[in-house]
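Trainee: I would like to go through some of the labels used for this model and ask what each one rests on.
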Amino acid sequence: MKKRKDFAALMHMLFSLLVVIGVSIMYSNSHYGEGIRWVTHETYEDTPEFTRQLKSDIDDIFNYVKYKEIFETNGKLDYSKPIVRVMEGPGTIREYTVDEMMRRAKSLGYYLNEQFKVSGGQPAADDTDSYVRVDYRAYEPDFKITEPGEAFLTMDQIAYEVLTHLGNYYSFYYRFIQNPSNLKFEVLYQNTEEDYKLYNNVSGKGINDFKAMGRYLYVTGEALYVDSNLTTVPKNVSSLLEKMNPYNNGNYHMTVAVDTSYPYGDAYARASASYDRMRLLFIVGMISLCLGILGCMATLYALVSLTGQPDTEQDRGPLKRIDQLPAESCLLLYCGAAIITLFLANRLAYKIIHLFFAVDQWNYGELALRVLIYYAAGLSAALSLLKRYKAGSLWTGSLMHRGLNNLSLYFKNHRFTTRIMLSYAMFLIFNIAMTMAFAFLLFTYNSLASRFLMGAVALLLFCMDYWVFHQMYKNAWETDQINEALFNISRGDTTYKIDTLTFNGKARELAENINHISTGLETALQEKVRSERLKADLITNVSHDIKTPLTSIINYVDLIKREKIQDPKIQGYLEVLEQKSQRLKTLTEDLVEASKASSGNLKLEITSIDFVQLIHQTNGEFEEKFALRHLELVSTLPAETILIEADGRYLWRVLENLYNNAFKYAMEHSRVYAEITVEGDMAVFTMKNISQNPLNIHADELTERFVRGDVARTTEGSGLGISIAKSLAELQGGELRLYIDGDLFKAGVAFPVKK
């Protein structure tokens, strides 16, 4: 047993760790706070990250359009193009090309790194004499001076600016023109068929081709709306497109699309892969959390089941010393242990957490540790209380129980009226005393201590009133329990018992007396059942004793008939003797079967039976027999199979009794109807016929023994067929239904349909 407890405790710790791991994975995910909807309903293309990346790339496309005009000639980089114009002195204006600015930047130690960013430091501040006035910058043609000093820069600063813009051009050209990219774009400004400006990184694509790639943006100068399937459309696309239009017309468009199959390994593909990894990690965290919670619940249930059970035979006996303490002391002890553990965690464990976690994760780590401490203390306290509960000492060993027992000594052996008078007197005295104390404090003192005392007095008054209410409610509840017990016993439930452990004093005595009455009635009922069983056994034994001489009579009658006696009178006697002996044999067999069926002393072999097929077979068995009395059997049976669960032998006996009943009592030259219907979840077989004799009896009486529908008893029936059929049907989980309307007799059996 101890090994099982230790294993359950170890597994509980492991599953708790699994919960912490799952929560940590989900908490550290970049999508924390979005819920789980993004896992199933969101794709990378729906995220703000995708929108920000696309907006940044669209801005770079507009910069590329500008840089292409600045740095290129006929589609190729031209270092000889003028880039800036400066005034070096009075009347001295000079233009510098891209090549000159690049060589000056190199001479100063500036260069472009792998990310096409300027490296090598920042331009140093020169003397005032080295500043020049900048009249024109190709990369900022619309630059306007707002302050006088903004027009003056050093040549080193200008070279640094030119190199920076050239790096931006290289960066875009490298990412989207020189190397394959998942971002495709086309910007077209057209004046005539020969006069146009085209900027793109893919050719021969129409708007439908761009749309088929995945996410797209299509803007024209003729439309007032943006055709796009993006979650968020950048707001400044139309204005920038119009602003950079070199022609004064609306014949231009811009198409941008992202191939969401991501065939190339660019920033979009890497971000999409990272998004999928985050999704997978979040799912792993959810699975870990769910498995951990389920495992914790299962192992906690195992711990609860094993708690309180002795580890070995030698351990059977009193509880351990800590579990023998009152429940209130146990709770205080575990609360104190939790407080001390939290103090040590604050002094030591938090510092260790800070060594392994980033600053923004410190709060989470500390919170997780506090939750584990609370959980461990609470679980230990709960298991300790559970041990007391299983040992029966949770309430009996508590301080509150001891106090109430001491008070109950004054009330236990008194009458109900005396107890009520004493309780009310104590209640009245206590309320008067507390009210006077509260009024005295209210009108005499105004200090903080007196206010605390008033609060304590009010709390005591409330607790006392609540206790009295609880006692009144408990007395009313006890009365309801006694009333419910009497009600159930009066309805025949003689096994009903009151849990007397929840009663006290005189109420417990009353409840125990009612239990004694219930026990006496149950004993009398069992005696009656035993008497009925003895009667059934007597019928069975007598029937068995009758069968032996009856068999001899039948055999000797048969032997006499074989002698071929010629005297007609003696032959008539033999016929009567044979008929009566056969009837007596049938009656004896029916008595035995009725006795077994009513007492349930039958061994059933329940199997699946095709109800429709069974009725077909039964119809075939009785067609010739019905023809003897000129009865036409009309059956209405469904084509599909209807399965029920029953014992084939006894179900056949039920049907045989119903068919024999129709054969004996149906009017000659009439029809007998047989049909199967499905009513809800029940398969119902019904037989209908017109009775040959008046049915001067109720349907309920036909199920009693030795009762038949014809009072004259002109047939050879025993009066047990319907009773046997009813008992056998109920033993197999079915029911027998009878209905009489004038001379119409309808009988049937119903069984649940097997799903």
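Mentor: Start with the polar contact: a pair of N or O atoms within 3.5 Å, where within protein one must be able to donate a hydrogen and the other to accept it. Keep in mind that this is a predicted model.

Trainee: What makes the pair N182 and D266 a polar contact?

Mentor: Their side chains are joined at 2.5 Å, and the cut-off is 3.5 Å, so the pair qualifies.

Trainee: Where is N182, and why is N182 called buried?

Mentor: N182 sits in the loop between α5 (155-178) and β9 (183-190). Its relative accessibility is 0%; buried means under 20%, therefore N182 counts as buried.

Trainee: Which residues does N182 touch, leaving out those up to four places away in sequence?

Mentor: A257, V258, D259, Y262, P263, Y264, D266 and A269.

Trainee: Why is L459 called exposed?

Mentor: L459, in helix α13 (residues 448-490), has 52% relative accessibility. Exposed means over 50%, so L459 counts as exposed.

Trainee: What nonpolar patch is L459 part of?

Mentor: L459, F462, Y466, F469, Y473 and W477 form a nonpolar patch on the surface, with about 710 Å² of accessible area together.

Trainee: How do you know which residues carry the label "transmembrane region"?

Mentor: That comes from an unreviewed UniProt entry, whose listed spans include 7-27, 325-347 and 449-469. In the model, residues 7-27 are 100% helix, with end C-alpha atoms 30 Å apart. Residues 325-347 are 91% helix and 0% strand, with end C-alpha atoms 31 Å apart.

Definitions and conventions. Residues are numbered from 1 along each chain as its sequence is written. This is a predicted model: local features need pLDDT of at least 70, side-chain atom pairs count only at pLDDT 80 or more; totals for chains, interfaces and linings use all residues. Side-chain values use heavy atoms; hydrogens and water are left out. Helices (H or I, at least four residues) and strands (E, at least two) are DSSP runs, numbered from the N terminus. Buried means under 20% relative accessible area, exposed over 50%, partly exposed in between (1.4 Å probe, protein chains only). Contact means heavy atoms within 4.5 Å. Patches are made of residues with over 30% relative accessible area and no salt bridge: like charges are joined within 9 Å, nonpolar side chains (Val, Leu, Ile, Met, Phe, Trp, Tyr) within 5 Å. Accessible areas come from the Shrake-Rupley method with a 1.4 Å probe; for residues, only the protein chains shown count as cover. A salt bridge is a side-chain nitrogen of Lys or Arg within 4 Å of a carboxyl oxygen of Asp or Glu. UniProt positions are given in the numbering used here, feature names are shortened, and annotations may be inferred rather than shown by experiment.
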